[in-house]
Amino acid sequence: MRSIWNGAISFGLVSIPIKLVNATENHSISFRQIHLADGGRIRYRKVCEIDGEEVTAAEIGKAYEEADGSMIPLTDEDLGSLPLPTAKTIEIVAFVPAASIDPLQMDAAYYLSAAGVPAAKPYTLLREALKRSRKVAVAKYALRGRERLGMLRVVDDVIAMHGLLWPDEIRSPEGVAPETEVTVRDAELDLADALMDTLGEVDMDSLHDDYREAVEELIAAKAEGRTPEPSRADESGGKVIDLIAALESSVRAAKEARGEEPADRPVAKVTSLAGRKKSGGTGAKKKATAAVEKTTASTKKSASGRAPARKTAARSTKAKKTASGTGAGTTAKRTAAKADPKQPAKKTASRKRASA
């Protein structure tokens, strides 16, 4: 790895010569602009606005633009003469707990390499001191024409430095949070905790850029003259109308993805209210239909077993109709029978004579 800056770490009265190396690299695929008519590449040229002539890098300098558009030229000698003690030094100003550094301040990351054999001893001393204290070092340094803030910490056996934004460069989150009052139920929090536990931890080395791989496959297919198959969009998304159901579905999906058995608790299905059909009395109609079918089957069974069942059913139906039509008269006759005890006896005798 090529160093991008040479200097020293100022650790009190101890000076540690180091080299600054980029700890990260960008794997994004870059594209060129072309002329659609003939495929020619489009290039940008640096042209002076006054005379319209193209200029080279050696002819380009720095200047500060005023509000009225006027330019104030600044040379490298002007900037180099400024009293900047951190121009070639990473000056440690404090040792603080890592939790006191807001992740929002994190910027570019670098590795600090000991420059030469004499730097090995103090380099190792600072590294082991950081390990034992479980703290990070806050430092100031200058890079690319400006003073910056940094944080030194130990990664494996190397001292790494993260560039930090200055506190006044962090914007206030005012107006970003939801302004409406929202109440979160304990059941929703429990499901969110269950989802977090189900997802668990992940090996960071296993994560990769799916989009970049898809672009590389597309470029390879184009280069070979093949027509790549269009990828299908994920249709699992939709309008969530039930947070509980969405959380339950997420927990179940996460468990299935990890090869675990789904929970015994039934998972509610999230459906759109617009897609529901009016059922009306569908349930009642189904019950009535089932009852009619059951009665019909019972009647057929009775008819196949004995023929007189139809007559009995007919007599019963006729008796019911007669009873319902003469309910008042029947009640009167029963009352009279109770009042005259001889009348039932006469009826019984006439029945016996008729049978004889």
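**Note on the predicted model: barrel, helices and selected residues**

1. Helix α5 is followed by Gly259, whose phi is positive, near 80°. Helices (H or I, at least four residues) and strands (E, at least two) are DSSP runs, numbered from the N terminus. The model is a predicted one, in which local features need pLDDT of at least 70 and side-chain atom pairs count only at pLDDT 80 or more, while totals for chains, interfaces and linings use all residues. Residues are numbered from 1 along each chain as its sequence is written, and side-chain values use heavy atoms, with hydrogens and water left out.

2. Helix α5 itself covers residues 243-257. Its 15 residues reach 21 Å from the first C-alpha to the last, close to the 21 Å expected at 1.5 Å a residue; the expected span is 1.5 Å times one less than the number of residues. Buried residues in α5 are Ile244, Ala245, Ala246, Leu247, Glu248, Val251, Ala254 and Lys255, where buried means under 20% relative accessible area, exposed over 50%, and partly exposed in between (1.4 Å probe, protein chains only). Helix α3 is included in what covers the buried residues of α5.

3. Glu188 is placed in that helix, α3 (residues 186-199). Is Glu188 buried or exposed? Glu188 is buried because its relative accessible area is 12%, under the 20% limit. Leaving out residues up to four places away in sequence, Glu188 touches Thr183, Leu243, Ile244 and Leu247; contact means heavy atoms within 4.5 Å. A polar atom of the Glu188 side chain also lies 3.1 Å from the backbone nitrogen of Arg185. A polar contact is a pair of N or O atoms within 3.5 Å; within protein, one must be able to donate a hydrogen and the other to accept it, and residues adjacent in sequence count only if both atoms are side-chain atoms.

4. Helix α2 (residues 120-133) holds Arg127. With a relative accessible area of 14%, Arg127 counts as buried. The side chains of Arg127 and Glu128 are joined by a polar contact of 3.1 Å. Not counting residues up to four places away in sequence, Arg127 touches Val154, Asp157, Val158 and Ile159.

5. Helix α4 runs over residues 210-223. Its 14 residues should span 20 Å at 1.5 Å a residue, and the end C-alpha atoms are 20 Å apart, which agrees. The N-terminal end of α4 is capped by Asp209, with a side-chain oxygen 3.1 Å from the backbone nitrogen of Tyr211. After α4 comes Gly225, with a positive phi near 80°.

6. On the strand side, a closed barrel of seven strands runs β1-β2-β6-β9-β8-β7-β5, with mixed pairing. From one strand to the next, the twist averages 40°; axes are lines fitted to C-alpha atoms, for helices over the stretch in contact, and angles run from 0 to 180 degrees between N-to-C directions. Two strands pair if DSSP finds at least two bridges between them.

7. Which way do β1 and β2 run? Strands β1 (residues 3-11) and β2 (residues 14-22) run antiparallel and are joined by eight bridges. In β2, Pro17 is the bridge partner of Ala8, and Val14 is that of Phe11. The hairpin of β1 and β2 has two residues between the strands, and Gly12 takes a positive phi near 65° there. Strand β1 is also joined by three bridges to β5 (residues 89-97), and these two run parallel. The partner of Ser10 in β5 is Glu91.

8. Met1 lies in the segment before β1. Its relative accessibility is 82%, so Met1 counts as exposed. Leaving aside neighbours within four places in sequence, Met1 is in contact with Val21, Asn22 and Tyr111. The C-alpha atoms of Met1 and Val21 are separated by 6.7 Å, the two residues being 20 apart along the chain.

9. For the chain as a whole, the secondary structure comes to nine helices and nine strands. Of its 356 residues, 15% are buried. Among contacts between residues at least 6 apart in sequence, 59% join residues at least 24 apart. The accessible surface comes to about 29,300 Å², of which 55% belongs to carbon and sulfur atoms. Accessible areas come from the Shrake-Rupley method with a 1.4 Å probe; for residues, only the protein chains shown count as cover.
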